[in-house]
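Here is a short briefing on one protein model.

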Amino acid sequence: MTIARRIALPLFALAAVLSVGACKEGPDKPEAAASGSIEAKPGVKVTEARLVLPAVAGNPAAAYLVIDNTTKDMVSIAAVSIQGAAKTGMHTMEGTTMKPVDRVDVEAGTGVRFEPGKLHIMAFELSPDLAAGGETEFTLTFTDGDKTSVPAKIVSMSEAAMGGMHTDAAH
Ligand SMILES: [Cu+2]
């Protein structure tokens, strides 16, 4: 990411807002009030959030999700925290080696999948409250400070393997 690009994107977005604003009628309607305590970054949708518990207690869990960015700007995930996990980190796979990832960029109008064997989140020091069949919450923090929280299913590794979608589980 070059500096020029970081500046160019917001300017482009501003120009788009100004041109749309000119032909809007009436006062702006307020955005739908934020629902409850759940935080959400406008235009960013997170689905398929799931935490896969380790086969051996004490090992880290792996977490996956799909993020869609319907805005006109790139959004960048700085971190994903998981309720019930003391620590988390984003990783990707290079061959069979895991590499930490500082940030995950989601270009305007695109999506990114965290999935087994590829980009994923690892969760360390798990609370015993995290049980297969239950639910927890993921909170994505973006580089601009915005946050999005979503409910996430908790599944066991064997359930995850039986899901059939992925035969290359890395964890
Ligand atoms: Cu990992």
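## One residue and its contacts

Not counting residues up to four places away in sequence, F114 touches Y64, L65, L119, H120 and I121. The model is predicted. F114 sits in strand β7, residues 111-114.

**Around F114**
- F114 has 24 other C-beta atoms within 10 Å. The cut-off for a buried residue is 20 or more, so F114 counts as buried.
- Y64 is 50 residues away from F114 in sequence, yet the two are 4.8 Å apart in space, C-alpha to C-alpha.
- L65 has contacts of its own: leaving aside neighbours within four places in sequence, these are V46, E48, A49, F114 and F138.

**The nonpolar core**
- The largest nonpolar core holds 27 residues. Those touching the most other members are L51, A61, A63, L65, V80, A123 and F138.
- At least two residues of this core come from each of β1 (44-52), β2 (61-69), β3 (75-82), β4 (85-94), β8 (120-126), β9 (135-142) and β10 (147-155).
- Strand β2 gives the largest share of this core, six residues.
- In soluble globular proteins, nonpolar side chains tend to be buried together.

**The whole protein**
- The protein has two helices and 10 strands. Along the sequence the order is α-β-β-β-β-β-β-β-β-β-β-α.
- The protein has 171 residues, and 21% of them count as buried.
- Take contacts between residues at least 6 apart in sequence: 69% of these join residues at least 24 apart.

Notes
Residues numbered from 1 in each chain as written. Predicted model: local features only at pLDDT ≥ 70, side-chain atom pairs only at ≥ 80, totals over all residues. Helix = DSSP H or I, 4+ residues; strand = E, 2+ residues; numbered from the N terminus. Buried ≥ 20, exposed ≤ 12 C-beta atoms within 10 Å, placed from the backbone. Contact = placed C-beta atoms within 7 Å. Core = buried A, V, L, I, M, F, W, Y, C linked by C-beta atoms within 7 Å.
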